[in-house]
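I opened a new page for this model. My notes follow in the order I looked things up.

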Amino acid sequence: MLGSERGVVEEWLSEFKALPETQISSYAATLHRKKPLVPALYKVIQDPNNELLEPVCHQLFELYRSSEVRLKRFTLQFLPELIWVYLRLTASRNRQSNGCIEALLLGIYNLEIADKDGNNKVLSFTIPSLSKPSIYHEPSTIGSMALTEGALCQHDLIRVVYSDLHPQRETFTAQNRFEVLSFLMLCYNSAIVYMPASSYQALCRMASRVCVSGFPRQHEKRWKEHCGRVVLDPDFMVQLLTGVYYAIYNGQWDLGQEVLEDIIYRAQLELYSQPLLV
């Protein structure tokens, strides 16, 4: 890590600590202008032995739990890289090096599963009913006898739950690891439209590495990072596909297409039907 990059990170760490509550909103509005900061933070995250990693993870969590949405999104852009480093270290059984990354991921998860009152929340959406008027139609104008207003009123609004209640987690285990990571990727995908191009690239890199590391296909890659096979979960792979599809059509066509093939390759090896059907 270059001295100039280290200086950028240290300045960022110190300026937020000294920031009064009244200036947080204006700070969030100008954070995206610090162009050298994001690449420097990626370098810190990628090096588990960097002494700045722990304070960086702590500050990213402080930003995420603030009331300012733009600060949350700033932290969220690093989620794919954080997940990759965590899974890489877990696959190498180097658990001592990823303690602060684990804490950050669990902290974000525990914040997201509860509402502002501390109650666990259910993520859902409602399918509109034709019996209710909208900007697109009036129930009375539907001429078919089979779809009279009275008949339509008998059909209630349908509520679809896409993420049920999740328990709080204090530590990662082999049993809950991908429950947590899949939910985190769901949160990332729900805000992916606000992410910068660097985050899409990190998502594609992470998806490719977790899918082919330790398999013969890795030898075809330009990157030579040593990593053992990463155990994957089909629900997690579906969330990867959701993000990669968005990246493909938002500036990452070539990289995204390559990653898409890597995900399909791994899904076929594991005989996972869910990602193959997406």
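I began with a helix pair. The axes of α4 (residues 53–64) and α5 (residues 69–76) come within 7 Å and cross at roughly 145°. I took axes as lines fitted to C-alpha atoms, for helices over the stretch in contact, with angles from 0 to 180 degrees between N-to-C directions. Helices are DSSP runs (H or I, at least four residues), strands are E runs of at least two, and both are numbered from the N terminus. The crossing of α4 and α5 is left-handed: the near helix is turned anticlockwise from the far one by less than a right angle.

Next I listed who makes this contact (heavy atoms within 4.5 Å). Helix α4 brings Leu-60, Leu-63 and Tyr-64, and α5 brings Leu-71, Lys-72, Phe-74, Thr-75 and Leu-76. I sorted them by class and got six nonpolar, one polar and one charged residues. Here Ala, Val, Leu, Ile, Met, Phe, Trp, Tyr, Cys and Pro are nonpolar, Asp, Glu, Lys and Arg are charged, and the others, Gly among them, are polar.

A note on the source: this is a predicted model, where local features need pLDDT of at least 70 and side-chain atom pairs count only at pLDDT 80 or more, while totals for chains, interfaces and linings use all residues. Residues are numbered from 1 along each chain as its sequence is written, and side-chain values use heavy atoms, with hydrogens and water left out.

I then counted the whole chain. It has 13 helices and two strands. Of its 278 residues, 47% are buried, meaning under 20% relative accessible area with a 1.4 Å probe and protein chains only (exposed is over 50%, partly exposed in between).

Which residues have the most contacts inside the largest nonpolar core? I found Trp-12, Phe-74, Leu-105, Leu-181 and Phe-236, in a core of 84 residues. Such a core joins buried Ala, Val, Leu, Ile, Met, Phe, Trp, Tyr and Cys residues through side-chain atoms within 4.5 Å. It lies between domain 1 (1–114) and domain 3 (196–277), because both give residues to it.

Last, I checked two side chains. Arg-88 sits in helix α6 (residues 79–91) and is buried at 14%. Gln-218 is in the loop between α10 (197–212) and α11 (234–248), and counts as buried at 13%. Not counting residues up to four places away, Arg-88 touches Gln-46, Pro-48, Glu-225 and Cys-227. On that basis Gln-218 touches residues including Trp-223, Glu-225 and Cys-227.

Definitions and conventions:
Domain bounds come from an automatic or database domain assignment.
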